[in-house]
Amino acid sequence: MDPRPAAKPQYDLYLNGAWVPSATGETFETLNPATEQVISRVAAAGERDVDAAVKAARAAFDAGKWTQLSASDRGKALLRIAEGIRKNLDELAFLETIDAGKTIGETKNIEVPLAAELFEYYAGWATKITGETIPVRGNYLAYTLREPIGVCAAIVPWNFPLLMAVWKIAPALAAGNVMIVKPSEFTPLSLLKLAEIVHEAGLPPGVFQVLPGFGPSAGAALVRHPGVDKIAFTGSTATGQTVMREAAATLKRVSLELGGKSPNIVLEDADPEAAARGAIAGIFYNKGEVCAAGSRLFVPEKLHDAVMEKVVERAKKLVPGDPLDPKTRFGAIASKPQLEKVLGYIQTGKAEGAKCVTGGERAKVGDGKGYFVQPTVFDGATNQMRIAREEIFGPVLTAITYKDLDEVIALANDSPYGLAAAVFTRDVKKAHVVARRLKAGTVWVNTYNIYDPALPFGGVKQSGFGRELGSAAIDNYTELKSVCVDLNL
Ligand code: NDP
């Protein structure tokens, strides 16, 4: 008997506490990017389903089934979800791996446990969302209330299908909102499993719903629907711009976590070994399909050879393989369009005159099926090349050599994006000076890709706005109401 968990052949929408087909009966296939085989057939939500879900969400919100539950009981419900995630760790990790091409090591040891931790962290917040009393002129008692926004919708991408959704679901529910999630058409399975877990945790119907489907239909219908109060979006800058434009018609609250071209800066005094390790972790985690990936590596002339030799050596050790094999450290690109995009950028880099020092080709794994790409490093690039300006969202590192500190700060900031950045140095003063001068939502020092439920994350410039995680996410999912009481007798 195969002890491995399995995906179901068919999934419905999770709408108003029940599993239902879409109103039109439309479905789509989700593929395993490592084998190119169909995993499951999934119901595709359309406009009528979105409307039904928004009505159910509104009814649940207005009835106060969740919002008016005591904060402590809401927190306990979130803890039950966390427990459900831990109990279903194997299945969630398996589904995320076969749907998104991630290695089972990443999903089982890092990402699914982090999803549980996020619910635990925000379970604690439920009882700590408070207003303030404000000293005002005159004989008045003035105070603020932090209230839930109402019906929230999350539109999430395929690179971290479960985590990017949980970053939004956990704080939204903790603050008393109700939530509808539209997963990416490429990776709906882990969120459909989460819906089962939430159902078992006993949340009232309509409080949490999952509508798999396509961006231009289900996603756009959520953005346009007048019954949705807030859209939380993670994805490309181009789609983020569409979301913001469409949401303007109903003045929804919008938070956008978009693309990046994050600089990873090695200073002259850095330890080349540590810098190379950071460069590799920065670009190749999850095959480079990370919004904050350190895709531009800035190397000082003096350390160029020492750092680049080690980067190449480490990149060569990351051999693409079967994502379900626990020994594999590098999985499959999540979809065919993404594979084509990444290979296209590799050609662009070569044509622009950057030197491809390792990788640069599609990789063959097993029988040759699957969307695998070799970890690729370009050296001798300039910051004006397309491979330095545009988000590739794949395992492609662009290394640029620089002369001095002012030059590298200017180059690092010369990007339409501003999501994350890192600096490698042994000089504590320089570390803080550079951190201040970089235009980015997050700066890592001597490390890369460190996330914590308590640490806010988000972008500046065209990487979006609004902060997720930490207490900042609570602000993102609440409205502040001022109350002023006349005390004159
Ligand atoms: P998108 O930004 O288009 O997709 C993100 C989410 O938005 C998906 O759920 C998608 O649904 C949905 N969506 C698409 N169009 C609309 C719309 N008009 N209204 C509402 N929702 C919509 O990313 P792609 O999958 O197309 O990837 C393209 C590129 O975007 C990647 O190559 C990468 O560079 C970048 N990207 C960046 C991410 C990040 O975290 N910064 C994440 C994902 C991609 P559906 O999947 O059904 O289209």
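1. A definition to start with: Ala, Val, Leu, Ile, Met, Phe, Trp, Tyr, Cys and Pro count as nonpolar, Asp, Glu, Lys and Arg count as charged, and the others, Gly among them, count as polar. With that in hand, look at the shell around the ligand in this predicted model. By class, the shell has 11 nonpolar, 11 polar and four charged residues.

2. Where does the ligand sit? The ligand sits in the largest pocket. Helix α7 (215-224), strand β11 (230-234) and helix α11 (336-352) are the elements that each give two or more residues to the shell. The largest share, three residues, comes from α7.

3. Now zoom in on the contacts. There are 26 residues around the ligand, and W158, E185, S236, Q338 and K341 come nearest. For E185, an N or O atom of the side chain is 2.5 Å from an oxygen atom of the ligand. V156 takes part through its backbone, with a polar atom 2.8 Å from a ligand oxygen. The side chain of E391 has an N or O atom 3.2 Å from an oxygen atom of the ligand. The protein covers 87% of the 850 Å² of accessible area that the ligand has on its own.

4. Two residues deserve a second look at their backbone angles. Most residues other than glycine have a negative phi. E36, in the loop between β4 (27-32) and β5 (37-43), has a positive phi of about 65 degrees. L469, in the loop between β22 (464-465) and α15 (470-476), has a positive phi of about 70 degrees.

5. Are these two residues buried or exposed? E36 counts as partly exposed because its relative accessibility is 29%. L469 has 2% relative accessibility, so L469 counts as buried.

Terms used
Residues are numbered from 1 along each chain as its sequence is written. This is a predicted model: local features need pLDDT of at least 70, side-chain atom pairs count only at pLDDT 80 or more; totals for chains, interfaces and linings use all residues. Side-chain values use heavy atoms; hydrogens and water are left out. A residue is near a molecule or strand if one of its heavy atoms lies within 4 Å of it. A polar contact is a pair of N or O atoms within 3.5 Å; within protein, one must be able to donate a hydrogen and the other to accept it, and residues adjacent in sequence count only if both atoms are side-chain atoms. Accessible areas come from the Shrake-Rupley method with a 1.4 Å probe; for residues, only the protein chains shown count as cover. On a 1 Å grid over the protein atoms alone, a cavity is a set of points where a 1.4 Å probe fits but cannot get out, and a pocket is an open set with protein on both sides within 12 Å along at least five of seven lines; lining residues have an atom within 4 Å of a point. A molecule sits in a cavity or pocket if more than half of its atoms lie within 2 Å of its grid points. Helices (H or I, at least four residues) and strands (E, at least two) are DSSP runs, numbered from the N terminus. Buried means under 20% relative accessible area, exposed over 50%, partly exposed in between (1.4 Å probe, protein chains only).
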